[in-house]
Amino acid sequence: MEKYLGCHLSSSDGFEAMGKAALSIGANTFAFFTRNPRGGKAKSIDEADIQALIKLMEDNKFGKLVAHAPYTFNPCSAKESVREFARTCMADDLKRMEYLPGNYYNFHPGSHVGQGVEAGVQMIVDTLNEVMWEDQQTVILLETMAGKGSEVGRKFEELRAIIDGVELKYKLGVCLDTCHVSDAGYNVKYDFAGVLDEFDRIIGIDRLKALHINDSKNPTGAAKDRHEKIGEGEIGLEAMLTVVNNPNVIGLPCILETPQDSLAGYAAEIEKLR
């Protein structure tokens, strides 16, 4: 099977431009923010531009894309206004994703800010049940989290609890972030196969739909969420190569979120991981 490697790309010049940028760095998938990553504004839809990207992807045998919700979303906030912002924007994002059918929409489950994991999980479930519908063509991905503060999703069991509560659970998957799960205490560095075995036991390997491929500035279990360039962090190049060559990972979109100054840095990492 094909390795699908890419990175986050700017949508400022449109969808086809992202596809061309991906090709220029040897990528055959990519991620993009559905709207301003720190706010709520979304660009108007240009159907011709989207169709041009779809053709480019077909011509160049791209894998699935991983759209990313803004970091400001918190569907389990203690404030109703913050939860409402997440619901409204997520509902709009999912409708917009229908123009790019069959791809993924990834989001951070959020932080319960002292309300407790169980309450946080229920709020996330309620949000998903409100915004999802039977005929949607997008699979929503819950991202594994590092355990910073009161984040929900630091343990596979927490993601499983969300999935269990969602009515249309067949439209849910997981995006596994290597830095996050390492910082959360999973042994990515020395036993990634074991990490996936635990994932399979708790969530089910069929739910693994995409990965964020990041080294970590911190040792296993640090609960910090500090990404590092591939091979320059605590996880290390050998372990990162083990990740992308795992048979359960090959064929899934693998998105780099490492701290780079330019696309050239991502091009070098993609070449290294291939």
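Among contacts (heavy atoms within 4.5 Å) between residues at least 6 apart in sequence, 76% join residues at least 24 apart in the protein chain. The model is predicted: local features need pLDDT of at least 70, side-chain atom pairs count only at pLDDT 80 or more, and totals for chains, interfaces and linings use all residues. Residues are numbered from 1 along each chain as its sequence is written, and side-chain values use heavy atoms, with hydrogens and water left out.

Consider the overall dimensions next. The C-alpha trace spans about 45 × 45 × 30 Å along its principal axes. Buried residues make up 55% of the 274. Buried means under 20% relative accessible area, exposed over 50%, and partly exposed in between, with a 1.4 Å probe and protein chains only. The accessible surface is about 11600 Å², and carbon and sulfur atoms hold 48% of this area. Areas come from the Shrake-Rupley method with a 1.4 Å probe; for residues, only the protein chains shown count as cover.

The protein chain has nine helices and 10 strands. These are DSSP runs numbered from the N terminus: helices are H or I of at least four residues, strands E of at least two.

Start at strand S4, residues 104–107. Both of its faces are covered. Tyr-104 and Asn-106 are buried on one side, Tyr-105 and Phe-107 on the other. S4 pairs in the parallel sense with S3 (residues 66–68) over three bridges; pairing requires at least two DSSP bridges between the strands. Ala-67 has Tyr-105 in S4 as its bridge partner. Between S3 and S4 the chain passes through helix H3 (residues 80–97), in a right-handed β-α-β crossover. Right-handed means that, with the strands pointing away from the viewer, the path from the first strand over the helix to the second runs clockwise.

Now turn to S5, residues 139–143. Four bridges join S4 to S5, and the two run parallel. Asn-106 has Leu-141 in S5 as its bridge partner. With helix H4 (residues 117–131), S4 and S5 make a right-handed β-α-β unit.

One annotated site remains. An unreviewed UniProt entry marks His-180, Asp-225 and His-227 as "binding site". They are spread over 48 residues of sequence but cluster in space, with a largest C-alpha distance of 8.5 Å. UniProt positions follow the numbering used here, feature names are shortened, and annotations may be inferred rather than shown by experiment. His-180 lies in helix H6, residues 178–183. His-180 counts as buried because its relative accessibility is 2%. Leaving aside residues up to four places away in sequence, His-180 touches Glu-143, Thr-144, Met-145, Ala-146, Asp-225 and His-227.
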